[in-house]
Amino acid sequence: MMSITQPGFSVNPAQEQYWKEHIAKQKESGLSATVYCRQHQLNYDRFYYWVRKKKRSATRLIPIELKSTDANNVSAIAMGAPVLCTLTLRDGSVLAIHDKAAIPLVISALR
């Protein structure tokens, strides 16, 4: 089993939700970002910052398919199985591997 965490930085959840809602509403409105921001008295630069941030976070996701035939393995991870190996990426994200069967897969993907 593997898990990926992003580097630690604090984001105000209320502020993040506020901008996510405005981004969604702007898309639904069909208005350009400039016009939407003017109509809603939003700072365009701040709005666009959150648009870029949302795009970056969406592109950072890496699909990982996990197959486990051992139900005990899944429950062990859920109960806090030890991390056997970690891989720290350039952006600070950390891939933590809890299952020794996944290590060769990760090594082969890096080659």
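Predicted model: local features only at pLDDT ≥ 70, side-chain atom pairs only at ≥ 80, totals over all residues.
Residues are numbered from 1 along each chain as its sequence is written, and side-chain values rest on heavy atoms, with hydrogens and water left out.

Helix α1 spans residues 13–29; helices (H or I, at least four residues) and strands (E, at least two) are DSSP runs numbered from the N terminus. The model contains 1 salt bridge, defined as a side-chain nitrogen of Lys or Arg within 4 Å of a carboxyl oxygen of Asp or Glu. The salt bridge links Lys-20 to Glu-16, with 3.7 Å between the closest N and O atoms. Because Lys-20 and Glu-16 lie 4 residues apart in helix α1, about one helical turn separates them. Relative accessible area was classed as buried (under 20%), exposed (over 50%) or partly exposed (in between), using a 1.4 Å probe and protein chains only. On this scale Lys-20 is partly exposed at 38%, and Glu-16 is partly exposed at 27%.

Helix α1 also carries His-22, which is buried with a relative accessible area of 12%. Beyond its neighbours within four places in sequence, His-22 makes contact (heavy atoms within 4.5 Å) with Tyr-36, His-40, Leu-42 and Phe-47.

Strand β2 (residues 85–88) and strand β3 (residues 94–97) run antiparallel and are joined by 4 bridges; two strands are taken to pair if DSSP finds at least two bridges between them. The two strands form a hairpin with 5 residues between them. Within the turn, Gly-92 has a positive phi of about 95°. Cys-85, in β2, stands opposite Ile-97 in β3. In regular strands, side chains alternate between the two faces of the sheet.

Lys-100 lies in the loop between β3 and α5 (103–110) and is exposed, with a relative accessible area of 65%. The C-alpha atoms of Lys-100 and Cys-85 are 8.5 Å apart, while the two residues are 15 apart in sequence.

A disulfide is a covalent bond between the sulfur atoms of two cysteines. With a disulfide taken as a pair of cysteine sulfur atoms within 2.5 Å, the count is 0. Cys-37 is buried at 2% relative accessibility, whereas Cys-85 is partly exposed at 30%.
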